[in-house]
Amino acid sequence: MVARLVIAAPSSGSGKTTVATGLMAAFAAAGLAVSPHKVGPDYIDPGYHALATGRPGRNLDAYLCGPDLIAPLFAHGSAGCDLAVVEGVMGMYDGAAGQGELASTAHVAKLLRAPVVLVVDASSQSRSVAALVHGFASWDPEVRVAGVILNKVGSDRHETLLREALEESGVPVLGALRRARQVRAPSRHLGLVPVAERQAEAVESVAALAAQVRQGCDLEALLALARSAPPLPGGAWDPGAASVSPATAGRAPRVAVAGGAAFTFSYAEHTELLTAAGAEVVPFDPLHDERLPDGTAGLVIGGGFPEVYAPELSANEPLREAVAELARSGAPVAAECAGLLYLARELDGKPMCGVLDAEARMSERLTLGYREAVAVSDSVLAAAGTRTRGHEFHRTVVEPGAGPAPAWGLHAPERRVEGFVQHNVHASYLHTHWAARPDAARRFVDRCTP
């Protein structure tokens, strides 16, 4: 059993990331092994969580992975830790559109049997905070709202008024944080700027968050609350068992995985599944490395911000040519979102790898949401007809949006085909979580040649 807390809020922008990251860093600095988690498909917050704890930030997404995998994935990620802190998503009861509580913070808290600490933006209220907290605490009796942290408190007098009001709610105040502009992380078109792009400043921000939380929160009470969580039934998710058996007995094909500042979006379980399937996973940075790792037999390019680094990526012509040559050789290539843009002919007028006969550009429109999908074409990741769930999150457009052999058929919010399958290349905007379909990793590694 791992002590655990879920950090929730009435709405986005209340300060969940501030509090969750600060708590992770403060407890880690106190000598605890802290396991960081994030509800939903967000890739950026887990980067700050990893910086705060020294452990991989992991996602718990009941839509992408299904409710039955949440507790096992949590147990896998938190194994050997003293405490787990789970940052929620959006407002506490906000989940997948039109599907009730599915994938909401409240849903995940119930699946983890974890106490919830509600972070409230108190900047524009006093006594009304009690009605707000009472409403959230009583809405679903299966959700245990066991404490409140007040954020953006204006003064000592303001804090006194808030605490007096909350005495009537029956939910204890476990912290009060003043406004602190210096610890805000910069944002841009898809949210916070990732840690990999501002490492030194991010370290300072996380340290400041830890100091703010230590000063304003009752860490002893929060730890005691976390330890009150009951045991979870069932065992931990195991990438080895999930992949059944290595697909490449007796050989270990080298799979290159893109990283660095331009490609920061990935799930830790993907690498674990590739390894369990028998691959040797080797990271590389397309911004700086002029060639693929020696002996590369397969290539995975995840999400990120190639649009921010288009000139630098384009200037690395030797690597672009190496990627194109690998694709021409028939080696398996899996590209997701940012990877799709990198494989295009050009991005915002800058030459890219030219693997796909398509052009990419920035757009004013944000494409965001969960998707139901079915594989249209046989590929290195899925057989035609395979059903999966995914997530789109981009502010770019690829033209055409699909090749002669599309990757996916999407059912909602509108019906369309999307992505490219050609030879052993699979490129798509759709982010998927391979823990829900471990056969994707096995299938990919099985197509690799040593």
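Visitor: What is the relative accessible area of arginine 345?
Guide: Quick ground rules: this is a predicted model where local features need pLDDT of at least 70 and side-chain atom pairs count only at pLDDT 80 or more, while totals for chains, interfaces and linings use all residues. Numbering runs from 1 along each chain as its sequence is written, and side-chain values use heavy atoms, leaving out hydrogens and water. Buried means under 20% relative accessible area, exposed over 50%, and partly exposed in between (1.4 Å probe, protein chains only). Arginine 345 lands in the partly exposed class, at 35%.

Visitor: Which side chain meets arginine 345 in a salt bridge?
Guide: A salt bridge here is a side-chain nitrogen of Lys or Arg within 4 Å of a carboxyl oxygen of Asp or Glu. The N to O distance for this pair is 2.1 Å, and the partner is exposed, with a relative accessible area of 59%. That partner is aspartate 357.

Visitor: How many residues apart in sequence are the parts that this pair ties together?
Guide: Helices (H or I, at least four residues) and strands (E, at least two) are DSSP runs, numbered from the N terminus. Aspartate 357 sits in the loop between strand 15 (350–351) and strand 16 (359–375), and arginine 345 in the loop between helix 13 (338–343) and strand 14 (346–347). So the separation of the parts they tie together is 12 residues.

Visitor: Glutamate 392 and arginine 371 also meet in a salt bridge; are they buried or exposed?
Guide: Their N to O distance is 2.7 Å. Glutamate 392 lies in strand 17 and arginine 371 in strand 16, so the pair ties together parts 21 residues apart in sequence. As for accessibility, both glutamate 392 and arginine 371 are buried.

Visitor: Which residue pairs with glutamate 399 in a salt bridge?
Guide: Glutamate 399 is partly exposed at 44% relative accessibility, and the N to O distance in its salt bridge is 3.0 Å. Glutamate 399 is in strand 17 (residues 387–399) and its partner in strand 16, so parts 38 residues apart in sequence are tied together. The partner is arginine 361.

Visitor: How many salt bridges does a search of the whole structure find?
Guide: Some share partners: Asp156, Glu159, Arg163 and Arg178 are joined into one network that way. The count for the whole structure is 22.

Visitor: How many disulfides does the structure hold?
Guide: A disulfide needs a pair of cysteine sulfur atoms within 2.5 Å. The sulfur of cysteine 81 is 19 Å from the closest cysteine sulfur, in cysteine 65, which is too far for a bond. Cysteine 353 is likewise too far, with its closest cysteine sulfur, in cysteine 337, 15 Å away. The number of disulfides is 0.

Visitor: Which element gives the most to the lining of the second largest pocket?
Guide: On a 1 Å grid over the protein atoms alone, a pocket is an open set of points where a 1.4 Å probe fits, with protein on both sides within 12 Å along at least five of seven lines, and lining residues have an atom within 4 Å of a point. This pocket is lined by 41 residues, and Phe263, Thr264, Phe265, Ser266 and Tyr267 lie nearest its centre. Elements supplying at least two lining residues include strand 10 (254–258) and helix 10 (268–276). The top contributor, with 5 residues, is helix 2.
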